[in-house]
Amino acid sequence: MVKVNNAEELLNLYAAGEKDFQNSDLTAANLQGANLRYINLTGATLKRADLSSADLRNALLLRANLSNAMLNKANLSQANMTRADLSRAVMTKANFTKATMLRVDLSGSILLEANLENARLREANLKDANLRGANLEKANFTQAQYNYKTLFPEDFDPVKATKTFYPDYPIPTNVNDAEGWNYFWKYIISMYPEELLFDLFDDSDFLIPFLKKLGYQTILCAGNGISLEPYALAYAGFDVTALDVSGYANQYVSNYKISDKELKYISYFSDLNIEEISTEILQKVKTVKFVTGSICDADICPGLFDVIITRRTVQLFNIISQEQVIAAMQSLLNRLSPTGLLINHGHNAYAINDFLQNWLLSRGIFASNKINDKLQHQNQKFVYFKGTSG
Ligand SMILES: C[S@@+](CC[C@H](N)C(=O)[O-])C[C@H]1O[C@@H](n2cnc3c(N)ncnc32)[C@H](O)[C@@H]1O
C-alpha cells in the first residue's frame, strides 16, 4: 500500500504495477482519462478531483470522498463505492453498471444519462440528485432516500423502487391519523418554510376557464394540506371549501399571510393586473371555508359539490389496502353532484390511477386522463385522473 498526494505520483506508481492507494489525498487531482482499473482508493480523498472519462472499472472506492468531483463519462462498472461521498459530484453519462453503491451519498449530484443498470444502491442518499435520462434498469434502490427535489427519469416510480415514501417526510402510514398529519405538516413547514405553498396547483391556468365554461360554482379541495389552490379558486369567483384531516394544516393556511409573489401567482390565473387588485384578492380569498375532518366521514362536507379536487391524497390509502383506495374514491364520489367533475391528481401513482380508472369504468362511471372528455359527459359524474411524476 502506498499513500500518495498528487496525480503524477499516483499515475507513475500505477504504471509500475502498484494498485493499492488507500487513504491517499488526491484533492482536486487531475486524473482525466486515466486508466485506473482495479485501483484501491478506499478511504481516499478525491474532493473536486477531475476523473472525467477515467477507467475505474472494478475500483475499490469504499468510504472515499469524491464530493464535487467530476466523473463525466467515467467508467465505474463493477466498482465498489460503499459509503463513498459523491455529494454534488458531476457524473453525466458515467457508467455504474453492476457497481456496489450501498449507502453512497449522491445528494445534489448530477447523474444525467448515467448508466446504473444492475447497480446496488440500497440506502443511497439521492436527495436533490438529478437522474434525468439515467438507465435504472434492475438497479436496487431499496430504502434509498430521496426528496421532492430529486429528479428521476420519466416513468420511474421511486415509491415502488425504494419501497418507501419520502423517508425524510414522516408520512403517517395510517392515512386517517390526524395527529400524524399534524406532525407531518409541522415538520414540513419547519423544514421548507419558503418553498412549499406555491407549486401546488399546477394546471390551474387551464383549469379555471374550463370550470367556468362548465358553469360550476362550488368546489371542494379534499386533502388540501397547505396548498393555496383554494385561494386561487375563490379569487376566480368559486365558492370553495377546503377539507383536511389535519387541523394544523388548515389553521396554518387559513392564517397564512399571502406574499406579493403569491398574490401575483394567484392573479395570473385570473388574468388580472396585480397592481390594482391585491386588496380585492385578499377579500375574496377570505371566503374559503376550512373544515377539519376525514373524507371517510360522510357527515363532514356532505356536499353536493360541482367540483372536487384532490391531489396526492387518494393514493395514500393504498398504504392500507386497495379496498381503502376504492372506499376513499367512493366517499368523494358521494359528495359530487350528478353532473360534477372530480379531479384526482396522483403523484408517482400511475398504477393506482389506472387501477381506479378501470374500477370506475367497470361501474359505469366515466373516467379519463383527458379532462376535455368531460365535455362529452356533461350530464354525468366524471372523474379526471391527472398524473405527475418526479
Ligand atoms: C400528501 S398530502 C397532499 C396535500 C396537497 N393536496 C398537495 O398536493 O400538496 C395529503 C393530505 O391529505 C390529508 N389527509 C390524509 N388523510 C386524510 C383524510 N382521511 N381525510 C382528509 N384529508 C386527509 C393530509 O393531512 C394531507 O394534507
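**Notes on the predicted model**

1. Lys138 has a positive phi of about 55° although it is not a glycine. With 11 other C-beta atoms within 10 Å, Lys138 is exposed. A residue is called buried if 20 or more other C-beta atoms lie within 10 Å of its own, exposed if 12 or fewer, and partly exposed in between, with C-beta atoms placed from the backbone.

2. Before going further, a word on the model. It is predicted, so local features need pLDDT of at least 70 and side-chain atom pairs count only at pLDDT 80 or more, while totals for chains, interfaces and linings use all residues. Residues are numbered from 1 along each chain as its sequence is written.

3. Now the overall picture. The protein chain has ten helices and seven strands, and its C-alpha trace spans about 80 × 50 × 40 Å along the principal axes. Of its 390 residues, 44% count as buried. Among the contacts in the chain with a separation of 6 or more, 32% come from residues 24 or more positions apart; two residues are in contact if their C-beta atoms, placed from the backbone, lie within 7 Å.

4. Gln78 counts as partly exposed, with 19 C-beta neighbours inside 10 Å.

5. Ala54 is another residue of the loop between helix H1 (7-15) and helix H2 (158-162). Is Ala54 buried or exposed? It counts as buried, with 25 C-beta neighbours inside 10 Å. Not counting residues up to four places away in sequence, Ala54 touches Leu31, Gln32, Gly33, Ala34, Leu36 and Ala74. Leu36 is 18 residues from Ala54 along the chain, and their C-alpha atoms are separated by 7.1 Å.

6. On to the nonpolar cores, each a set of buried Ala, Val, Leu, Ile, Met, Phe, Trp, Tyr and Cys residues joined through C-beta atoms within 7 Å. The largest has 58 residues, of which Leu41, Leu46, Leu51, Leu56, Ala59 and Leu61 touch the most other members. A second, separate core of 50 residues includes Leu211, Tyr235, Val240 and Phe385. Back in the largest core, Leu46 is in contact with Leu26, Ala29, Leu41, Ala64, Asn65, Leu66 and Ala69, leaving aside its neighbours within four places in sequence.

7. Which residues are closest to the ligand? They are Trp181, Gly223, Gly225, Ser246 and Arg311, out of 19 that surround it; a residue belongs to this set if its C-beta atom, placed from the backbone, lies within 6 Å of the molecule. By type, the shell holds eight nonpolar, eight polar and three charged residues. Here Ala, Val, Leu, Ile, Met, Phe, Trp, Tyr, Cys and Pro count as nonpolar, Asp, Glu, Lys and Arg as charged, and the others, Gly among them, as polar.

8. In helix H6 (residues 247-254), the buried residues are Ala249, Asn250 and Val253. Seen down the axis of H6, they fall within an arc of 100°, so they line one face of the helix; the arc is that of the directions from the helix axis to the C-beta atoms. Their cover includes helix H3 (178-191), strand S2 (239-244) and strand S3 (289-292).

9. Helix H10 (residues 350-362) has 13 residues and reaches 18 Å from its first C-alpha to its last, close to the 18 Å expected at 1.5 Å a residue (1.5 Å times one less than the number of residues). Ile352, Asn353, Leu356 and Leu360 are buried in H10. The buried residues of H10 fall within an arc of 100° seen down its axis, so they line one face of the helix. They pack against helix H9 (322-333), strand S5 (336-347), strand S6 (366-368) and strand S7 (382-388). Asn358 and Ser362, on the other side of H10, are exposed. Just after H10, Gly364 takes a positive phi of about 75°.

10. Leu304 is in the loop between S3 and strand S4 (305-311).

Methods. Helix = DSSP H or I, 4+ residues; strand = E, 2+ residues; numbered from the N terminus.
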